[in-house]
Amino acid sequence: VLQTLEGHLRAILGTLTVEEVYKDRDQFASLVREVAAPDVGRMGIEILSFTIKDVYDNVTYLQSLGKAQTAAVKRDAEIGVAQANRDAGIREAECEKAAMDVKYSTDTKIEDNSRGFKLQKANFDSEVNTAKAEAQLAYELQAAKIQQRIRNEEIQIQVVERRKQIEIEEQEIKRKEKELIATVKLPAEAEAYKVQTVAEGMRTKTVEAAR
């Protein structure tokens, strides 16, 4: 079994480069297991696991190859770090620029909003003052109209009162006239009528005596 595996191992090594064997031992072991499985199977043996523990040579080629790979990895890592730092610096600069742009845009918007607010407030204050002045003027005009209406009503009341007073005075004059007629004119007329009647009687009597 060992000789069979070693034979297949050598056959597979002939198809691979040293670098391929050194870099991917698991693939190398998998190939050996797949190729050798039919032969050892006919022997009644099943390969459950096949692992390559180590790969080395007598001229330290693989060791040099490992150092070269390590150096390459280190170099690539350093290049990657440098590129990452460069990219980070670029991104940081871009972020700072974007932040400055946002700040400038925000400050501009704030200034525009502040200016717009002040303008709107000035317009509002002007409208409010105008409305107050108009309201004050309307109030004064309305108050003047009310005062004039009150004055007119007072004059009307005075006119009505004067008319009533005149009516009362006229009624008093008529009453006094009636009283004067009743107490002076009518008795005087009665007395005059009496005297006239007596005089006419005496005249008639004298005329009759003379006949």
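**Reading a predicted helical chain**

Modeller: The mean pLDDT of the chain, where pLDDT is the predictor's confidence in each residue from 0 to 100, is 81, and 85% of its residues reach 70 or more. This is a predicted model, in which local features need pLDDT of at least 70 and side-chain atom pairs count only at pLDDT 80 or more, whereas totals for chains, interfaces and linings use all residues. Residues are numbered from 1 along each chain as its sequence is written, and side-chain values use heavy atoms, with hydrogens and water left out.

Colleague: Where in the chain is confidence lowest, and where is it highest?

Modeller: The lowest mean, 69, belongs to helix 2 (residues 18–23), while helix 4 (residues 61–210) has the highest, at 84.

Colleague: How many helices and strands does the chain have?

Modeller: Helices (H or I, at least four residues) and strands (E, at least two) are DSSP runs, numbered from the N terminus. Here there are four helices and zero strands, and the pattern along the sequence reads α-α-α-α.

Colleague: What share of the residues counts as buried?

Modeller: A residue is buried under 20% relative accessible area, exposed over 50% and partly exposed in between, using a 1.4 Å probe and protein chains only. By that rule 8% of the 211 residues count as buried. The chain exposes about 17,800 Å², by the Shrake-Rupley method with a 1.4 Å probe, and carbon and sulfur atoms supply 58% of that area. As for contacts, meaning heavy atoms within 4.5 Å, residues 24 or more positions apart account for 53% of those with a separation of 6 or more.

Colleague: Which residues of helix 1 are buried, and where do they lie around its axis?

Modeller: The general idea is that an α-helix has 3.6 residues a turn, so residues three or four places apart point the same way. In helix 1 (residues 2–15), the buried residues are Thr4, Leu5, His8 and Ile12. They cover an arc of only 95° around the axis, which puts them on the same side of helix 1; the arc is that of the directions from the helix axis to the C-beta atoms. Helix 3 (25–42) is among what covers these buried residues, whereas the face turned away from the buried side carries the exposed residues Leu2, Gln3, Arg10 and Gly14.

Colleague: How many salt bridges does a search of the whole structure find?

Modeller: Side chains of opposite charge can pair when their charged atoms come close. A salt bridge is a side-chain nitrogen of Lys or Arg within 4 Å of a carboxyl oxygen of Asp or Glu, and the search finds nine. In one of them aspartate 101 pairs with lysine 97, the closest N and O atoms being 3.1 Å apart; both residues lie in helix 4, four residues apart, about one turn of the helix. Aspartate 101 is partly exposed at 40% relative accessibility, whereas lysine 97, at 54%, is exposed.

Colleague: How far apart are the closest N and O atoms of lysine 121 and aspartate 125?

Modeller: They are 3.0 Å apart in the salt bridge between lysine 121 and aspartate 125, and the two residues, four apart in helix 4, are separated by about one helical turn. Lysine 121 is partly exposed, with a relative accessible area of 42%, and aspartate 125 is partly exposed at 29%. Elsewhere, salt bridges that share partners join Glu111, Asp112 and Arg115 into one network.
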